[in-house]
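User: I have a structure open and would like to go through a few residues. Can you help me read it?

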Amino acid sequence: MKRALIITAMCLAVIAAKAQNATGRIVNESLKPIAYVNVVLLSADSTYINGVTTADDGTFSISYDQDSCLLKVSCVGYETRFLAVKDERMGDIVICHDSHILKEVVVEAARPAMKMTPGGMSYDVQKSLLSQAGTALDVLSELPRVNVTSSGAVYVFGIM
């Protein structure tokens with residue numbers, strides 16, 4: 001029993017000794033810290049091991065238990081960097097602005113043709129296919145909840 005406890009303790013000590021913790025700080029070109037940067041630890045074959053985001057002061061601490069690791073540092077608006085983990089203290093890691101991310105931004109919007117207002121329902125005919133319908137009675141006959149009789153009487157919600 002005593003021998004089993006000693007062997008278990010030795011195994012746990014070896015595992016704990018192998019676990020390491022890489023620390024560092026992510027900064028921009030002017031050495032100002034960058035918050036919320038993705039820091040991912042990859043194995044030699046680029047398999048995900050662990051990942052964290054930097055704190056408000058740009059610092060990170062990421063644990064690993066392999067000998068050869070790769071650190072991937074990425075953030076929107078900055079170039080992605082890959083660094084070999086050689087020491088537990090990575091120091092300041094500088095990432096540069098990436099000004100070629102977006103070439104242009106196109107924002108498109110369209111107002112709905114029909115909307116409810118406090119006074120009732122409003123329908124914008126100019127922005128729909130109904131603008132080519134012909135007369136006003138032709139347009140009214142195509143609107144929802146509006147009925148136009150052959151004599152030209154208009155009923156809205158069944159009321160004349």
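Analyst: We can go through some residues of this model, which is a predicted one.

User: How many salt bridges does a search of the whole structure find?

Analyst: The search finds one. It joins the side chains of Arg-25 and Asp-92, at 3.0 Å from N to O.

User: Which strands do Arg-25 and Asp-92 lie in?

Analyst: Arg-25 is in strand E1 (residues 20–27) and Asp-92 is in strand E7 (residues 89–94), so the pair ties together parts that are 67 residues apart in sequence.

User: What is the relative accessible area of Arg-25? And of Asp-92?

Analyst: For Arg-25 the value is 27%, so Arg-25 is partly exposed. Asp-92 has 43%, so Asp-92 is partly exposed.

User: New topic. Where is Phe-82?

Analyst: Phe-82 sits in strand E6 (residues 81–85). Its relative accessible area is 47%, which means that Phe-82 is partly exposed.

User: What is Phe-82 in contact with, leaving aside its neighbours within four places in sequence?

Analyst: The contacts of Phe-82 are then Leu-42, Leu-70, Leu-71 and Lys-72.

User: Last one. Which residues form a nonpolar patch on the surface?

Analyst: Met-114, Met-116, Met-121, Val-156 and Phe-157 form it, and together they have about 510 Å² of accessible area.

User: Where does Val-156 lie?

Analyst: Val-156 is in strand E11 (residues 154–156). With a relative accessible area of 38%, Val-156 is partly exposed.

Conventions
Residues are numbered from 1 along each chain as its sequence is written. This is a predicted model: local features need pLDDT of at least 70, side-chain atom pairs count only at pLDDT 80 or more; totals for chains, interfaces and linings use all residues. Side-chain values use heavy atoms; hydrogens and water are left out. Helices (H or I, at least four residues) and strands (E, at least two) are DSSP runs, numbered from the N terminus. Buried means under 20% relative accessible area, exposed over 50%, partly exposed in between (1.4 Å probe, protein chains only). Contact means heavy atoms within 4.5 Å. A salt bridge is a side-chain nitrogen of Lys or Arg within 4 Å of a carboxyl oxygen of Asp or Glu. Patches are made of residues with over 30% relative accessible area and no salt bridge: like charges are joined within 9 Å, nonpolar side chains (Val, Leu, Ile, Met, Phe, Trp, Tyr) within 5 Å. Accessible areas come from the Shrake-Rupley method with a 1.4 Å probe; for residues, only the protein chains shown count as cover.
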